[in-house]
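Student: Before we look at how the helices and strands are arranged, could you take me through the reasoning behind the terms?

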Amino acid sequence: MRKQILEILEKNSKLTSAEIAAMIGASAEEVESEIRAMESENIICGYHALVDWEKLEGERVTALIGVKISPVRGEGFDRISARISKFPEVKSVFLMSGSSNDLILNIEGDSLKDISQFVYNKIATMDTVVSTATYFVLKKYKDHYIDLTEGHGEDKRDQLMS
């Protein structure tokens, strides 16, 4: 039941316990109890809204930053990843395999210049960072299961549950 609840919430966290219960054939009380338990166990780490920033005035830039690290003996990538994670500009930090980059960072800023300065001043200057590569996102077509293409950007989360 937990996996079913999590798959549903991951696609649409606005659904009520009663709606989820109807979808999986359980009672609303059972679903609510499982959700509370998963929150207390940090399986559910938070809830967020997917924002299409392009529909607002002003620029909003997303970039993926590849970071090559010289790992610290006995600490691997954990220390530098924890340090990078503390920056408010950093949305996500991923340890990668099969790539020339050890870490991939998801960064958002108000301009290309903001992101470039952040990488240049804060990331590239860290003692174990060997190199960085910045990839600016030109357009988002799909994000968090939601189709953002013109004419298809409406909320399709209810259809995903069918």
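Tutor: Let us begin with handedness: a crossing is left-handed if the near helix is turned anticlockwise from the far one by less than a right angle, and right-handed if clockwise. In this predicted model, the crossing of α1 and α2 falls in the right-handed class.

Student: Which residues make the contact, and how are they divided by class?

Tutor: On the α1 side the contact is made by Gln4, Ile5, Ile8 and Leu9, and on the α2 side by Ile20, Met23 and Ile24. By class, this contact has 6 nonpolar residues and 1 polar residue, with no charged ones.

Student: Why are β2 and β4 said to stand at the edges of the sheet?

Tutor: The open sheet has 4 strands in the order β2-β3-β1-β4, paired in the antiparallel sense. β2 (90–95) and β4 (129–136) each have a single partner strand, so one side of each is left without a neighbour in the sheet. Neighbouring strands of this sheet are turned against each other by 20° on average, direction ignored.

Student: How do you know that β2 and β3 pair?

Tutor: Pairing requires at least two bridges between two strands, and β2 and strand β3 (residues 103–109) are joined over 5 bridges in the antiparallel sense. Within β3, Leu105 stands opposite Val93.

How values were computed. Residues are numbered from 1 along each chain as its sequence is written. This is a predicted model: local features need pLDDT of at least 70, side-chain atom pairs count only at pLDDT 80 or more; totals for chains, interfaces and linings use all residues. Side-chain values use heavy atoms; hydrogens and water are left out. Helices (H or I, at least four residues) and strands (E, at least two) are DSSP runs, numbered from the N terminus. Contact means heavy atoms within 4.5 Å. Ala, Val, Leu, Ile, Met, Phe, Trp, Tyr, Cys and Pro count as nonpolar, Asp, Glu, Lys and Arg as charged, and the others, Gly among them, as polar. Axes are lines fitted to C-alpha atoms, for helices over the stretch in contact, and angles run from 0 to 180 degrees between N-to-C directions.
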